[in-house]
Amino acid sequence: MMSEIQRLTRRGLLQRAACGIGYTALGALLHEHSAKASSIANPLAARQGHHPARAKRVIFMFMQGGPSQVETFDYKPRLNADHGKPSPFERDEKVEQPGVGTMRLFGSGWDFAQHGESGTWVSELFPELAKRVDDLCILNGMHTDNLAHAPASLQLHTGATNFVRPSMGSWVSYGLGTENESLPAYVTISHPTGGDGGSPQQYASAFLPAIHQGTRVDVPKEDGASAEIRYLEDRGFPQGLQRRQVDFVRGLNERHLARSENDAHMEGMIESFELAFRMQTEAPDLFDFSGESRATRELYGIGNATSDWFGRQCLLARRMAEKGVRFIQVNAPGWDHHGQIEKRLPESCVAVDRPVAGLIQDLKARGMLEDTLIVWSGEFGRTPYEQDLSNGKAKASNYGRGHNPYGFTTVLAGGGVKGGVVHGATDDYGYRAVSGKVHMHDLHATILHLLGVDHERLTYRHAGRDFRLTDVYGEVVKEILV
Amino acid sequence: MGGSKQKIVVAAMTAALVLPAALFAAVDEEGDAFFKKEIAPLLVERCFECHSHRAGKAKGGLVLDSRSGWMTGGDSGAAIVPGDLEGSLLIEAVRYGNADIEMPPDGKLTASEIAALERWVEEGAHDPRRGSGAGGAAVEEGTEQMEAADLWSFQPLLEAEPPEVEDRRWAGDAVDAFIWAGLQKAGLPPAERAPDATLLRRLHLALTGLPPSAEAVAAYDGDLETVVDELLASADFGEKWGRHWLDLTAYADTMGVGRAIPALEAWRYRDYVIGAFNVDKPFPEFIREQVAGDIYEAGAPGKPRGVRPTAEAIVATGFLAIGPWELVSGDKVQLRMDVVDKQVHRIGQAFLGMTLGCARCHAHKFDPVSQEDYFALAGILKSTVTLNGRIDGVFSALNHSVLPETPEELSARAERVRAFEEELAEELRLEDEKKAETALLAKEIARLKGDEEGDDTVDEDESQEIAKLEAKRVKMEAGMKRHGTRRGLLEYVERHRTQPLALAVMDAPEPEDSRINIRGNAHQLGDVVPRGFLSEVAPKGKVAWTRGGSGRVQLAEWLASADNPLTARVWVNRVWHHLFGAGLVRTVDNFGARGEAPSHPELLDYLAAEFMRDGWSTKKLIRRLVMSEAWQQDSVNHDAMVAGVRDIDPENRLYWRSNRRRLEAEAIRDGMLFVSGQLDRKRGGPALPVDEPGNMRTNSTGIMSDTAVFPDDLKNRRTIYLPQKRKGAFIAADFMEAFDLPDTDQETGKRTLTSVPTQALYLVNAPFVQECGRALAVRYEAEAPAERLRAVYRTLFSREPEAGEVVLAMEYLAETKAGLQREWEGTKAAAGIEEEAWARLCQALLISNEFLFRS
């Protein structure tokens, strides 16, 4: 809290200002004051974690729907050899799990090869990522609690499958604040809100203060359209006049504040108008790619019909990372390949392969990969046995795979994790994680650890108890830390 | 508070060393003694750090702080098989024989410690900890937990006499006497009475959620009491106070998580709540209807059997039926218990101010609530049907109950259905006609093109005619497509209109007690717990289980009992919170040990007792509070500043002034519509515009689109009537999201009010706000500029502008006009400059703090 003297002095100044010093001088005073106040009260002020951070920021890539691990990063020769044999897995009696125990094993239709100095196996579906494999840390022993999209996606984002909890990005914003107060600390780009369990709940702050919720930025799918934040601009009204209007409102508010006793909330409203105006000025620059070279665009796969959209998301993510946004989420929906995996999986892979590889290369070239943590993950993986939605009527080319929470792949890069590493493994068929198991809670604990935050100490008191992102679970995966 | 917290800490520390005998059932005294002396201290010292609820850790999923903990075991299975040394993982681990599991990891136990554990397991692993096999009722949590006798809110109401008051202004009502005495004791002077205009604005906003009209302010003759009575009697009252209750119920018009599946009948519950506040339904009745309305009449002691519940009472159970249920969950057993859990949580929070959900996985850490208590309540809800059948595939459906109809309602509905069928027939006829017409057109085009005669020359006239017909055909087909959608929707809506249904609960055919779910897992079951209530909360054992059924009738009786020390206190405090901006207990949803103690305990109890004496009338309570001097104080108090209030009571817990507050989302939006003359006063009725073309995305479950359009007869209604979506808002209602409307999936008695930049962006740039500014400007456009500004000020702020304010506003107006002149000179827009500048001025006033805050 500010001291009474500061408050009273400020009030005096404001009263004088209202009598005619004018808005410019008032603006300057306000700014000086807010710098002082913000160090005490601003919930977004940058803060240190519990220990030195390896990563300053996170770029989280949500592969919505659940990518198939056995066709991408988890090489299973035995599955290919046993293709067509009955699936040997037992059904979990308590869960409605379509297909298990009745379907046949379904081998990968794509070849794997070893890449890089590390000799890591990567499928031919990811030719660009394969080139960057020595920067990747591949977690092949992931597992999660639920096999439906909505709860599993919620767990990936919040740790909980079925309760209202703050999103990982909100926790990071709450714990570390932001390095650029003209922009929000947590941004999610084109977040899916419908179908397959996409939901605003995934970027919501729940019981954390609302300022920590993810700010939605939409990158339209249409070619060339730039990103937008809702209500960022009023194109029908000249900007100079809008500044004048905002100044007039501020004048009204200062007069009202001077008549009242001080009120943190009213001052907060005044501040929020200023931040809004700064966002109005800064964000459009951020969204304007005209200064990016052709080579950079190509690096991100922009211009290619399939990868253009996600490429633009990744490029925007890099620009936000440069500007100090703490937690940036990009989103690639469409991985829910129950059918026609032969046709649709390659499309999903092309959509992200070049953009992700390009982002890694670009960050590295700018010296930012070492303190930017990239997380690439679906909410779960897919079954090694086939799923035939037509009950045997369709050709094998129409087959797909079901949901698999028991074993799948998450990929990390940069930000203090080892490159060229594969950690953890599933059984011979890629069904269940059997070694180096990493639960969603462990993934969250590790992400926070890399940011310098102890997941057991980042807590918030709500409804009578302290909450954490990792609930009572979570262990940092020490083996993958640099 | 300091005292009680300390107590908890001390208790927790002792727990590590001493295990109180009270927690052990006297079954096997020798075994008990051995466990207590040899085993328990060992577990506490060497294992609990990673395997106990107190440490908040269950490494490998294993807890050792209860019998069921090791029986269930962790990810690798049961930790101990009684009598089987080789089969017990715990023994294998402490022996350090297997490199994969060596426990404790930081150093092997001594030989004698290992021997003690071996003896214990060999002899059957006798573990007397609380209720043998009873979930994670952890040893040390029993002692951390506050005793019922120490928790203020579990005690009967204090019989307090109002203090003597020397100041005549404060001598009128007991409420003032208590507040005045508190201020006296602290040496603080109260604030002056607020000016009339401030008070009127505050009163209107507090009671109806709308600012007073300029006319109402002008007509005020000093008789505040009459104004209060008028406002309490107006139907606006329920729309404001009903919303406060809905906040506690996770109300929304869609169901499921992730997809917006229409909950077409949810609005009935919303209207029930609004109506209950408007008729000032006595609180016990309000409880009974919401918890057991479907069975109360037939099940209450002394009531005849077989009495059918009223439609209203069935609808009221929407309190339990509507919620954020995860319909698509694959694990239906767990889903059912998750629904039960949220219902227990909701009942506990709304009526009792208790966080009961904590006791699902273990004894409540802080409050005198055991896991048995939790599952006693859970059994009641488990014997209640909330989800019923499937919508499709793995999607569970909500239970819908058929509502009884009066003969008048029946014939009215028959009339509606008839009209509906006529409309439908007409639509279909039109569609057939258009189909035929389109076919004719296609034929004509083909003829002109000469396809039929083999003559493929097309002259210019012909080609023009073809283009014209082609355009007509395309247009008609597009029209038909829309028509097709409309037809589908009409049928869809009809299905629901032919039979009045409500989202409601009902008793399960076979009521059953619940078994403890170990660590909250519905598949790991512990002991059966008979249905019942919180064992430490009065009236203990006084509610008779006279009939079969789920037990909801008895639950309602127990909640609504005058002996229950929580119900009246919690509700009175909620009302105080909404009126004063902070509760006497500021943690309005938590009256437990982790909540705050009341600032004025005698006043709280006095009000609770008076509330019950007044027939549990919420309106009488509100009336009394707003007529108090305490409530009518000004929001500034210079005298208190001088007296050093910042050191004594910076948070205004003693009420030395009125709390200034930002308006809630609804009051901002409703207020903007009201002052600009646009508010649509239509009340009640269905919320979801499902029959607007394009609003539904058709698939098996039917999903409402995020971008659903609100028709004209919906969009300017009060916010409480706008469709509420789970997980975020419809884009057409994004105002609510920007201004802290609570997450529809979370019950809350206290909204957080934030100031974030997205709000400012909304206020400045959103068309809704700009249009309100424009409408406000138009409202007084007949007046000369100075009077026009004064009228706007009176409407927005209930006061005249000061001379300085007039100057600033006129300056702004002139500059904006000049600026627009430069920008728009010579364009069509130039004609609207005057109008535009006034619109912007009005918008600026509308988004200023004086409008957005209540003084």
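Visitor: What is the mean pLDDT of chain B in this model?
Guide: The model is predicted, and pLDDT expresses the predictor's confidence in each residue. In chain B, 87% of the residues reach 70 or more. The mean pLDDT of the chain is 84.

Visitor: Over which residues of chain B is the pLDDT below 50?
Guide: One such stretch has 34 contacts in the model beyond near neighbours in sequence, and it covers residues 1-27 of chain B. Another has 75 such contacts and covers residues 130-144 of chain B. Where pLDDT is low, the predicted coordinates should not be read in detail.

Visitor: What does the model score for ipTM and pTM?
Guide: Both scores refer to the model. The pTM is 0.73, and the ipTM is 0.76.

Visitor: How many residues does chain B give to the contact with chain A?
Guide: Chain A contributes 58 residues to this contact. The side belonging to chain B divides into 24 nonpolar, 22 polar and 21 charged residues. The contribution of chain B is 67 residues.

Visitor: Which element gives the most to the side of chain B that touches chain A?
Guide: Elements giving two or more residues to that side include strand S2 (57-58), helix H17 (332-352) and helix H34 (803-824) of chain B. The greatest contribution is eight residues, and it comes from H31(B).

Visitor: Where in chain B is B:Thr744 found?
Guide: Helix H30 spans 734-738 and helix H31 spans 757-765. B:Thr744 is in the loop between H30 and H31 of chain B.

Visitor: Is B:Thr744 buried or exposed?
Guide: A residue is buried if 20 or more other C-beta atoms lie within 10 Å of its own. B:Thr744 has 25 C-beta neighbours inside 10 Å, and therefore it counts as buried.

Visitor: Which residues are in contact with B:Thr744, leaving aside its neighbours within four places in sequence?
Guide: B:Lys725 lies 19 residues from B:Thr744 along the chain, with their C-alpha atoms separated by 7.3 Å. The residues in contact with B:Thr744 include B:Gln724 and B:Arg726.

Visitor: What percentage of the residues in chain B are buried?
Guide: Chain B has 855 residues, with 36 helices and 16 strands. Its buried residues make up 47%.

Visitor: What percentage of the residues of chain A count as buried?
Guide: Chain A has 12 helices and 17 strands. Of its 482 residues, the buried share is 55%.

Conventions: Residues are numbered from 1 along each chain as its sequence is written. Chains are lettered from A and ligands numbered from 1 in the order in which they are written. This is a predicted model: local features need pLDDT of at least 70, side-chain atom pairs count only at pLDDT 80 or more; totals for chains, interfaces and linings use all residues. Helices (H or I, at least four residues) and strands (E, at least two) are DSSP runs, numbered from the N terminus. A residue is buried if 20 or more other C-beta atoms lie within 10 Å of its own, exposed if 12 or fewer, and partly exposed in between; C-beta atoms are placed from the backbone. Two residues are in contact if their C-beta atoms, placed from the backbone, lie within 7 Å. Ala, Val, Leu, Ile, Met, Phe, Trp, Tyr, Cys and Pro count as nonpolar, Asp, Glu, Lys and Arg as charged, and the others, Gly among them, as polar. pLDDT is the predictor's confidence in each residue, from 0 to 100.
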